[in-house]
Each structure stands twice: as C-alpha cells, then as structure tokens.
Amino acid sequence: MEDKIEHARLLARFKLQVRRQLDQSIDLDRLVQDPDYARTRLAEIEDLAEDEELLVMLLTLRDILMPRKAAPAAPAAAADLAPPPKSAESRNYKFGARGW
C-alpha cells in the first residue's frame, strides 16, 4: 500500500514539474499503461529538461515503468568453464630444453 502511495506521489510531482518547467502536459494513465507512449514522452522530456530534480524523477519513473531486462548469466558461465581450444601450432615440451 505504501509503495502505491509513493508511486502516485512521484507521478503527481513529475506531472506538475513538467507543466511548470516545460509548459507541457502528460497523460498519466497512458504513461503507466502504454510502454511506447512512456518511452517516447520520457525521451522528449529528458531532452528538454534542464532541472536536475526533474531528471532524477524521470530516471526513477523510467526504472519503475520500464524495468531493464537482465541478461542471462548461465550461457556466459558455461563459456568460461569450457577449456580453451588447442591450436595446431603448439608443441608439447615434456622434457624441457635438455630433453634430447
């Protein structure tokens, strides 16, 4: 419940800041429901914003509305465990320099 209230406050502050500083309006319902609209509007506002607080709110909202997808770690770990391929040019020196 507390997270919903904080989320609503952040959206309200963001809408008011954009209206005050950029003289633009934002449709909060579309911002929350439509990822394409959110991506487009947040990018436009980011380009126009000159206030640090507005940019921080924008980045916070972007993280909430459009979370980044984490890259799968399993394929990278499997590649690290595989032995390196042997090259055809390497030689096997079992006895060292005096092994003749």
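Predicted model: local features only at pLDDT ≥ 70, side-chain atom pairs only at ≥ 80, totals over all residues.
Local features need pLDDT of at least 70 and side-chain atom pairs 80 or more, while totals for chains, interfaces and linings use all residues. Numbering starts from 1 along each chain as its sequence is written, and side-chain values use heavy atoms, without hydrogens or water.

Now the helix pairs (helices are DSSP runs of H or I, at least four residues, numbered from the N terminus). Axes are lines fitted to C-alpha atoms over the stretch in contact, with angles from 0 to 180 degrees between N-to-C directions.

| Pair | Angle | Axis separation |
|---|---|---|
| H1 and H4 | about 135° | 10 Å |
| H3 and H4 | about 160° | 10 Å |

H3 and H4 are therefore roughly antiparallel (over 145 degrees; under 35 is roughly parallel, 65 to 115 roughly perpendicular and the rest oblique). Their contact (heavy atoms within 4.5 Å) uses Leu-42, Ala-43, Ile-45 and Glu-46 of H3 against Leu-54, Leu-55, Leu-58 and Arg-62 of H4. That set splits into six nonpolar, no polar and two charged residues (Ala, Val, Leu, Ile, Met, Phe, Trp, Tyr, Cys and Pro count as nonpolar, Asp, Glu, Lys and Arg as charged, the others, Gly among them, as polar).

H1 (residues 2-22) and H4 (residues 52-65) are oblique to each other.

As for Arg-41, you'll find it in H3 (residues 35-48). Arg-41 is buried at 11% relative accessible area (buried is under 20%, exposed over 50%, partly exposed in between, with a 1.4 Å probe and protein chains only). Leaving aside residues up to four places away in sequence, Arg-41 touches Gln-24, Ser-25 and Ile-26. A polar atom of the Arg-41 side chain sits 3.2 Å from the backbone oxygen of Ser-25.

Notes: Helix = DSSP H or I, 4+ residues; strand = E, 2+ residues; numbered from the N terminus. Polar contact = N/O pair within 3.5 Å; in protein donor to acceptor, adjacent residues only side chain to side chain.
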